[in-house]
Amino acid sequence: MDGERFEDVEAYGVERWIGELAETLRKKMYQPQAVKRVYIPKPGGKMRPLGIPTLRDRVVQTATMMVIEPIFEADLQPEQYAYRAGRNALTAVREVHSLLKTGHKQVVDTDLSSYFDTIPHAELMKSVARRIVDRHLLHLIKMWLDAPVEEGDGRGNTQRTTVNRDQGRGTPQGAPISPLLSVCTCDGLFWDGSNADTKSASGRESSVMPMISSFAVGGRRNKPWPPCRI
């Protein structure tokens, strides 16, 4: 969007560049720039939209994520495997395998269509505000959610829209802060804290294991499924 590259920052001076960016944040003068929309192929011939923030915005988002990620990590359920240190899709598959061996023979594998593009801003900000009370930080996150999107038409022309702000939903899949925000939303989607189960996964009659845009539910025969607020 702004044409700034890593080479430009190195030539300008990394410490000087970061210092000026930090000063912009301290003076409350920071404004996110438009997100670049690109597409990558998905299985089946479909295309996945990605939102790539500018270098300056990626640095601020990464710094913010490093501060607030441990705060949210303390509240996450053990069944959540996406975008967490030491957890990934492979560890989730291993957990499903262990559940199968303990009698959870009924498995439902579900995918949420266009998850990142449809995350509701109001519910997301409520989830974030449960743990973050700094109004300046909350405003910063809201600005990223509302940032305009710029997309090329393949003929050298670009179009800028504010669809996320106008519709009140969506976070760019490709922005450093988006995985953490999606985890916050996912945590509120499956658990509200009122029905927490202290048993191990293998000791439960059913277990939900979200992977952000998809999740698996494993249950024993003739037993009720867990309540899920979808």
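**Entry 1: buried or exposed.** Before anything else I needed a cut-off: a residue counts as buried when its relative accessible area is under 20%, and as exposed when that area is over 50%. I also reminded myself that this is a predicted model. I then looked up Phe116 together with Thr171: they sit 55 residues apart in sequence, yet their C-alpha atoms are 5.6 Å apart in space.

**Entry 2: the chain as a whole.** Next I stepped back. I counted nine helices and seven strands in the chain. Of its 230 residues, 38% are buried. I also checked how far along the sequence the contacts reach. Taking contacts between residues at least 6 apart in sequence, I found that 67% join residues at least 24 apart.

Entry 3: I found Lys28 in the loop that runs between helix 2 and strand 1 (35-41). Is Lys28 buried or exposed? With a relative accessible area of 51%, Lys28 is exposed.

**Entry 4: the core.** Which residues touch the most other members of the largest nonpolar core? I noted Ile68, Val128 and Ile141, in a core of 28 residues. Several helices each supply at least two residues of this core: helix 2 (14-26), helix 3 (55-73), helix 5 (115-118), helix 6, helix 7 and helix 9 (178-190). Helix 7 gives the largest share, seven residues. I followed up on Ile141 and left out residues up to four places away in sequence; Ile141 then touches Ile68, Met125, Val128 and Leu181.

*Helix 6 with helix 7.* The axes of helix 6 (residues 121-129) and helix 7 (residues 135-146) come within 11 Å and cross at roughly 155°. That angle makes helix 6 roughly antiparallel to helix 7. The crossing is right-handed. On the helix 6 side, the contact is made by His121, Leu124, Met125, Val128 and Ala129, and on the helix 7 side by Leu138, Ile141, Lys142, Leu145 and Asp146. I sorted the residues of this contact by class and got seven nonpolar, one polar and two charged.

*Helix 3 with helix 7.* Here the axes are 12 Å apart and the angle is about 135°. Helix 3 is therefore oblique to helix 7. This crossing is left-handed. Helix 3 brings Val60, Gln61, Thr64 and Ile68 to the contact, and helix 7 brings Leu137, Leu140, Ile141 and Trp144. By class I noted six nonpolar residues, two polar and no charged ones.

*Helix 2 with helix 3.* What is the angle at which the axes of helix 2 and helix 3 cross? I read roughly 70°, with the axes coming within 11 Å. Helix 2 is therefore roughly perpendicular to helix 3. The contact uses Trp17, Leu21 and Leu25 of helix 2, along with Leu55, Arg56, Val59 and Val60 of helix 3. By class, this contact has six nonpolar residues, no polar ones and one charged.

Note on methods:
Residues numbered from 1 in each chain as written. Predicted model: local features only at pLDDT ≥ 70, side-chain atom pairs only at ≥ 80, totals over all residues. Heavy atoms only, no water. Axes fitted to C-alpha atoms, helices over the stretch in contact; angles between N-to-C directions. Helix = DSSP H or I, 4+ residues; strand = E, 2+ residues; numbered from the N terminus. Parallel < 35°, antiparallel > 145°, perpendicular 65-115°, else oblique. Left-handed = near helix turned anticlockwise from the far one by under 90°. Contact = heavy atoms within 4.5 Å. Nonpolar A, V, L, I, M, F, W, Y, C, P; charged D, E, K, R; others polar. Core = buried A, V, L, I, M, F, W, Y, C linked by side-chain atoms within 4.5 Å. Buried < 20%, exposed > 50% of the residue type's maximum accessible area, 1.4 Å probe, protein only.
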